Amino acid sequence: MKGCIFCTLYEKKINIIYETEGAFALLDRNPLSTGHFMVIPKTHHPSFDQYELKDLEDVLPMIKHLIERLGIKKYNILQNNGNHQGVFHVHFHVIPYVSDNERLRIDWETMEVNDDDYSALVEQARSKASD
């Protein structure tokens, strides 16, 4: 897509570290840790839910392959849709834990939900998931 940095990098074959028919990988230009890379589907969509499953079938195998080949033992996989998304072309960050200074940091403030409300939420989600 015109104006998309990932599409441009792919079209010009710039900095690609690995590629399959449906996806490619780049080292993150502004990494959170050494070895931080991204796996990017070749088909352009800004949000995960806009993809056909066939356009994503290379993503998880590529992540697994690169984690193994690069010898990464501890890591996070992160994918954003709208919230905290800097490039509006779906991509999956693989962020190795290198040390306490080189890692993904998350300000993870959880909500407290009582048992009755939680049960109601579970039933609501089951109903929507089964439709």
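**Figure 1. The whole chain at a glance.** Buried residues make up 29% of the 131 residues in the protein, where buried means under 20% relative accessible area, exposed means over 50%, and partly exposed is anything in between (1.4 Å probe, protein chains only). This is a predicted model, so local features need pLDDT of at least 70 and side-chain atom pairs count only at pLDDT 80 or more, while totals for chains, interfaces and linings use all residues. Residues are numbered from 1 along each chain as its sequence is written, and side-chain values use heavy atoms, with hydrogens and water left out. The protein has 3 helices and 5 strands, taken as DSSP runs (H or I of at least four residues for helices, E of at least two for strands) and numbered from the N terminus. Read from that end, the order is α-β-β-β-α-β-β-α. The C-alpha trace spans about 55 × 40 × 25 Å along its principal axes. Of the contacts between residues at least 6 apart in sequence, 51% join residues at least 24 apart; a contact here means heavy atoms within 4.5 Å. The accessible surface is about 9400 Å², and 51% of that belongs to carbon and sulfur atoms (Shrake-Rupley method, 1.4 Å probe; for residues, only the protein chains shown count as cover).

**Figure 2. Inside the largest nonpolar core.** This core has 15 residues, and those with the most contacts inside it are F37, V39, V59, M62, I63, L66 and I67. A nonpolar core is a set of buried Ala, Val, Leu, Ile, Met, Phe, Trp, Tyr and Cys residues joined through side-chain atoms within 4.5 Å. At least two residues each come from β2 (23-27), β3 (37-41), α2 (59-69) and β5. Helix α2 gives the most, with 5 residues. Zoom in on V59 and you'll find V39, P41 and F92 touching it, leaving aside residues up to four places away in sequence. There is also a second, separate core of 8 residues, with C4, F6, F24 and L26 among them.

Figure 3. How many residues of β3 are buried? The count is 5 of its 5 residues, so to speak a mostly covered strand by the DSSP and accessibility cut-offs. In a regular strand the side chains alternate between the two faces of the sheet. Both faces of β3 are covered here: F37, V39 and P41 are buried on one side, and M38 and I40 on the other. β2 and β3 pair antiparallel over 5 bridges, pairing being called if DSSP finds at least two bridges between two strands. M38 in β3 is the bridge partner of L26. β3 is also joined to β5 by 3 bridges, again in the antiparallel sense. On that side, M38 stands opposite H93 in β5.

**Figure 4. Salt bridges, one by one.** Side chains of opposite charge can pair when their charged atoms come close. A search of the whole structure turns up 5 salt bridges, each defined as a side-chain nitrogen of Lys or Arg within 4 Å of a carboxyl oxygen of Asp or Glu. D55 and K54 form one of them, at 3.3 Å from N to O. In that pair D55 counts as buried, at 17% relative accessibility, whereas K54 counts as exposed, at 56%. E68 and K64 meet at 2.3 Å, N to O. Why can E68 and K64 be described as about one helical turn apart? Because they sit 4 residues apart in helix α2. E68 is exposed, with a relative accessible area of 51%. R126 and E123 meet at 2.6 Å, N to O; they are 3 residues apart in helix α3, so about one helical turn separates them. E123 is partly exposed, at 45%. Finally, K13, E19 and K42 are linked in a network of salt bridges.

Figure 5. M111, V113, Y118 and L121 make a nonpolar surface patch of about 440 Å². Patches take residues with over 30% relative accessible area and no salt bridge; like charges are joined within 9 Å, and nonpolar side chains (Val, Leu, Ile, Met, Phe, Trp, Tyr) within 5 Å. V113 lies in the loop between β5 (92-96) and α3 (115-130). V113 is partly exposed, with a relative accessible area of 35%.

**Figure 6. R69 and R105.** R69 is found in helix α2 and counts as exposed, at 65% relative accessibility. R69 and R105 are 36 residues apart in sequence and 24 Å apart in space, C-alpha to C-alpha.
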